[in-house]
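Please look through the sequence and the structure below. The paragraphs after them go through a few features one at a time.

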Amino acid sequence: MATQVADVIVVGAGNAAFCAALAAQEQGAKVLMLEAAPEEESGGNSRFTAGSIRVVYNDVEDIKTLVPDLTPAEIETTDFGTYTADQFFDDMARVTQHHADPDLVELLVTKSFDSLNWMRSKGVRLIPIYGRQAFKIGGKFKFWGGLTVESVGGGPGLIAMLTEAAKKRGIDLLFDGNRVEGVRARERGEVRELRARSVVLACGGFEANPEWRTRYLGPGWDLAKVRGSRYNTGDGIRMALDIGAAPRGNWSGCHAVQWEMNAPEFGDLAVGDQFQKHSYPFSIMINAHGKRFVDEGADFRNYTYAKYGRVVLQQPGQFAWQIFDQKVKHLQRDEYRIRQITKVTANTIEEFAQKLEGVNAAEFLKTIKEWNAAVKTDVPFNPNIKDGRCTKGLAIDKSNWANTIDAPPFEGYAVTCGVTFTFGGLRINTDAEVLNTDYRPIRGLYAAGELVGGLFYFNYPGGSGLMSGTVFGKLAGTAAGRAGKN
């Protein structure tokens, strides 16, 4: 029997879903959220993130708006710089190779600050990302790479704050294995038909579905680890396509990073995002042949990390080693100090070569010798800027942050590919309505978050995913809420 349970049903319980639900509730709509995961695993991929959010800001006053409890001492000792709308537009164009939908990018960029401030008004607290996005030079922290704020408590903290905000506003959440089929849901083995005037799909991509990964991303992607939720299997996309929704975006592309080689198949909430290994711009990366295979310093981490997982997956055995010496150890992020890690150390380079499991030791020693001779040591090293300290004459030169490998003890960290989310999804308009194959709106159906196609191609500027979920979640929820009440 069909039951009218809400004005708006939101499918999902991650950042985009909560923003949609909260925005719909603002319009006076009765909102129900459906989550495929049990409550202890809920939160989608958002719960597995570090909580970093890319946002336009023009001065420290904008930062103070987003972080009102910023102390005078923090302001005095920090150069926050700026991240203008033009910079955000340029970053999106550059990393997506100008493929991103200009209308969606316009919304993402121009609504980023107001949308994040709106989320803050719902009870989400933000702080500067001192630990990962700023280095202290001359007694002052300097932020780099256009990424400055994160949610308190990272991804888990973000979901906890959004959950609390939803509950305070009377938004109902159903957990424990719901699997939505249109407006039919299976709850504890019983199928219920749930009616609403509007439905928002915000239940993620298909990265946890190995068959779809192999079909769309290509051979070998069934071997990748999944960084986040095991419930993101493409169900929302499939449901929409089945009723005539138009696909959109880079279906052969995804966000994929360097991930602990021996991590479990899916994300582990006890470890969160700490399986990632993102200090690689200060390392050299070696494959099974003992050779480098990528420019580790091509750009700031924020603009390369989401595409280098794919490069590692393409290496023999789907793994690589990140190599550091003691000159740069202090620049390693916290994730290099967790217990669940595949790490080797040695006091001589010859002993170190023998410890790198699966690597041709003789070729590795040759690579190190050639590397050390190629580093332009006359160029000053500066981790806060693209310093131009490069190599010359190698088959693959490093563009920035090149240092000789000669200060023991040497350290190696084994990584493989961890897929975060897929870029292909549903076609939407600027009101977040899902379009059919004639590019006309499917009335009453909206989408937000990682199942929206058209924003990201090939690569991704760090922190844009949560911002996209916030902007388009708010747009979808507002439109769905109005439709649901009228």
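Is Phe324 buried or exposed at 1% relative accessibility? Phe324 counts as buried, because its relative accessibility is 1%, and buried means under 20% relative accessible area, exposed over 50% and partly exposed in between, with a 1.4 Å probe and protein chains only. The model is predicted, so local features need pLDDT of at least 70 and side-chain atom pairs count only at pLDDT 80 or more, while totals for chains, interfaces and linings use all residues. Residues are numbered from 1 along each chain as its sequence is written, and side-chain values use heavy atoms, with hydrogens and water left out.

Next come the aromatic rings. Rings of Phe, Tyr and Trp (its six-membered ring) pair if their centres lie within 6.5 Å; planes under 30 degrees apart count as stacked, over 60 as edge-to-face and the rest as tilted. By this rule there are 28 aromatic pairs. One of them joins Phe324 and Tyr336 edge-to-face, at 5.5 Å centre to centre and with 80 degrees between the planes. This pair links distant parts of the chain, twelve residues apart: Phe324 belongs to strand 19 (residues 320-324), and Tyr336 to the loop between strand 19 and strand 20 (343-346). Helices (H or I, at least four residues) and strands (E, at least two) are DSSP runs, numbered from the N terminus. Tyr336 counts as buried too, at 2% relative accessibility.

Phe421 and Phe456 also form an edge-to-face pair, with 6.1 Å centre to centre and 65 degrees between the planes. Phe421 lies in strand 21 (residues 410-422) and Phe456 in the loop between strand 24 (441-447) and helix 14 (464-485), so this pair ties together parts 35 residues apart in sequence. Phe421 is buried at 5% relative accessibility, and Phe456 is buried with a relative accessible area of 6%.

One aromatic cluster is formed by Phe135, Trp144, Phe282, Phe300, Phe381 and Trp401.

Some rings have a charge over them, which requires NZ of Lys or CZ of Arg within 6 Å of the ring centre and within 35 degrees of the ring normal. Arg94 lies over the face of Tyr303, 4.8 Å from the ring centre. The charged end of Arg301 is over the ring of Tyr305, at 4.3 Å from its centre.

Three strands form an open sheet in the order 5-8-7, with mixed pairing. Strand 5 (78-79) and strand 7 (134-137) are at the edges with a single partner strand each, so one side of each has no neighbour in the sheet. Two strands pair if DSSP finds at least two bridges between them. Strand 5 and strand 8 (residues 140-143) run parallel and are joined by two bridges. Asp79 stands opposite Lys142 in strand 8.
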